[in-house]
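Here are a few exercises to work through with the model open beside you. Try each one yourself before reading its solution.

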Amino acid sequence: MDLPSSMQAMVLESPGKPLVLRQIPVPQANNSQVILQVLACGVCRTDLHISDGELAHPVLPLVLGHEIIGRVVHCGQEIKKLREGDCVGVPWLGYTCGTCRFCRSGRENLCENAVFTGYTRNGGYAEYVMAEEAYCFPLAPERAKPPTAPLLCAGLIGYRSYCLLGDAVTRLGIFGFGVAAHILIQVALFQQKQVYAFTRDGDRESQEFARSLGASWAGGSSESPPERLDGALIFAPVGSLVPQALRLVDKGGSVVCGGIHMSDIPSFPYEWLWEERVVRSVANLTRKDGESLLRLAAQIPVKTKVQLFPLASANEALDQMRQGKIQGAAVLIPEIGPIPGST
Ligand SMILES: [Zn+2]
Ligand SMILES: [Zn+2]
């Protein structure tokens with residue numbers, strides 16, 4: 001297919017400033033890469049952390065976006081499985097080396113030489129994006145729609161966090177009832193778990209949302225549910241939730257922090273950690289995580305709540321996310337709406 005030479009993209013030029021709509025060259029693919037037309041790209045909290053300058057090493061200028069649903073429009077010479085016209089999902093993990101000690105021990109999420117979509121390589125806030133074939137997840141055409149986008153990061157990181165809790169968890173606490181949580185609760189209920197949802201104190205709307213999705217209990221993060229939890233996931237970037245969650249977790253239980261950025265964790269008595277409780281974080285994903293979640297999501301089937309924005313309204317989507325105004329996930333669509341102020 002003949003591709004245009006340039007495309008519209010929302011570009012981060014300096015952290016702390018709004019993204020700028022620019023006309024930039026369409027990316028090129030080497031032998032192992034494909035070019036995708038972006039059909040939809042989810043807006044993730046990590047995008048907010050990058051654009052606010054809270055993450056240290058973005059490659060500037062940068063096109064954000066790592067929850068990409070795309071259609072293959074060009075294949076490099078050594079592409080094996082994908083064909084033009086195929087639909088794929090592209091996650092945060094854009095490339096790993098396969099040779100470092102982490103890759104060799106099945107922990108490619110920790111690869112020393114990893115490339116991250118929308119962070120150390122341009123992402124999907126654009127009309128086209130380049131991706132490594134080996135890191136694209138094939139999608140059936142009926143799944144290649146905006147509601148699948150949030151699965152590719154919020155869903156995936158949430159799922160990896162959830163799996164790290166282990167199978168013994170029956171009573172699962174989720175702190176921060178946003179995009180990841182509204183996906184994870186569907187997986188957890190499907191696997192016969194009970195979910196306890198913690199929101200900001202007084203956020204009745206999110207608590208109601210959690211109950212409507214099947215949470216056994218929903219309340220503010222300073223409240224205590226009637227039972228002890230077997231494990232807890234923290235999706236809100238608030239360090240003080242770590243000791244709070246730990247106090248509610250029973251012996252041998254884990255508290256897993258799913259975010260890439262969190263405010264400082266206040267000190268707490270050792271007693272709260274005693275009896276083999278664990279606090280840990282989750283970093284990135286493996287391709288195996290992605291394959292299992294996407295399979296499971298199709299089987300359940302997981303339904304996501306999305307709010308669509310035209311590509312040029314990326315700043316508005318980020319602002320609304322910052323203010324907690326989006327219930328479910330914001331997803332950018334390159335094709336809808338007029339693109340004002342194009343340069
Ligand atoms: Zn590696
Ligand atoms: Zn993300």
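**Exercise 1. In which strand does Ile24 lie?** Then work out its surroundings.

Some ground rules before we start: this is a predicted model, where local features need pLDDT of at least 70, side-chain atom pairs count only at pLDDT 80 or more, and totals for chains, interfaces and linings use all residues. Residues are numbered from 1 along each chain as its sequence is written, while chains are lettered from A and ligands numbered from 1 in the order in which they are written.

*Solution.* 
- Step 1: find the element. Ile24 belongs to strand E2, residues 20-25. (Helices, H or I with at least four residues, and strands, E with at least two, are DSSP runs numbered from the N terminus.)
- Step 2: count neighbours. Ile24 has 16 other C-beta atoms within 10 Å, so it is partly exposed. (Buried takes 20 or more other C-beta atoms within 10 Å, exposed 12 or fewer, partly exposed is in between; C-beta atoms are placed from the backbone.)
- Step 3: list contacts, meaning C-beta atoms, placed from the backbone, within 7 Å. Setting aside residues up to four places away in sequence, Ile24 touches Ser6, Met7, Ala9 and Val11.
- Step 4: check a distance. Ser6 sits 18 residues from Ile24 in sequence, yet their C-alpha atoms are 5.3 Å apart.

**Exercise 2. Which residues of helix H5 are buried, and what do they pack against?**

*Solution.* 
- Step 1: in H5 (residues 204-212), the buried ones are Ser206, Gln207, Phe209 and Ala210.
- Step 2: these residues span an arc of only 160° around the axis, so they share the same side of H5. (The arc is that of the directions from the helix axis to the C-beta atoms.)
- Step 3: recall the geometry. An α-helix has 3.6 residues a turn, so residues three or four places apart point the same way.
- Step 4: look at the partners. The buried residues of H5 pack against strand E12 (194-199) and strand E13 (217-220).
- Step 5: carry on past the helix. H5 is followed by Gly214, which has a positive phi, near 110°.

**Exercise 3. How many residues does each domain bring to the contact between them?**

*Solution.* 
- Step 1: get the bounds. The assignment gives domain 1 (6-152 + 305-333) and domain 2 (156-281); such bounds come from an automatic or database domain assignment.
- Step 2: domain 1 supplies 12 residues to the contact and domain 2 supplies 7.

**Exercise 4. Where is the pLDDT below 50?**

*Solution.* 
- Step 1: take the overall score. The protein averages a pLDDT of 94, and 98% of the residues score at least 70. (pLDDT is the predictor's confidence in each residue, from 0 to 100.)
- Step 2: the stretch below 50 is residues 337-343, with 12 contacts in the model beyond near neighbours in sequence.
- Step 3: apply caution. Where pLDDT is low, the predicted coordinates should not be read in detail.

Terms used: Two residues are in contact if their C-beta atoms, placed from the backbone, lie within 7 Å.
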